[in-house]
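Please work through each task before reading its solution.

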Amino acid sequence: MEDDNLEYYYSSDYETMHIDWKQEMSKPKRLYKRKQPSFIWDYFEKDIDSMGEEVRICKILDESGQRCNQKYKNVGSSTGNLIVHLRDEHGIVSQDDIEVSKK
């Protein structure tokens, strides 16, 4: 009688492990999570300045229809200065920042 219970116990564990293994194998595996593009790329364009360096130029229009044209050197993929420019000069913040401030 003891042997039957022991066998059932192992069988039960095997089935549980087997199901868990199947579920794990069906999940998509990613080595890294790709970040969403920053909201700032809607407001800046990429250009090359007279020195041959890559810059980002603000393309927001003011009330009179003049472009801002503020230029920032591109240092890697950093967006910090561009975000500060949009916030301080144009009052534009990301949707994520708006949602966080509401909480």
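A salt bridge is taken here as a side-chain nitrogen of Lys or Arg within 4 Å of a carboxyl oxygen of Asp or Glu. The model is predicted, so that local features need pLDDT of at least 70 and side-chain atom pairs count only at pLDDT 80 or more, while totals for chains, interfaces and linings use all residues. Residues are numbered from 1 along each chain as its sequence is written, and side-chain values use heavy atoms, with hydrogens and water left out.

**Exercise 1.** Find the partner of R56 in a salt bridge, and decide whether R56 is buried or exposed.

*Solution.* The side chain of R56 meets that of E54, with 3.5 Å from N to O. For the second step, buried means under 20% relative accessible area, exposed over 50%, and partly exposed in between (1.4 Å probe, protein chains only). R56 has a relative accessibility of 11% and therefore counts as buried, whereas E54, at 28%, is partly exposed.

**Exercise 2.** Determine which parts of the chain are linked by the salt bridge between K73 and E53.

*Solution.* The side chains of K73 and E53 meet at 3.4 Å, N to O. Helices (H or I, at least four residues) and strands (E, at least two) are DSSP runs numbered from the N terminus. K73 lies in strand β3 (residues 71–73) and E53 in the loop between β1 (44–48) and β2 (54–58), so the pair, 20 residues apart, links distant parts of the chain. K73 is exposed at 57%, and E53 is partly exposed at 35%.
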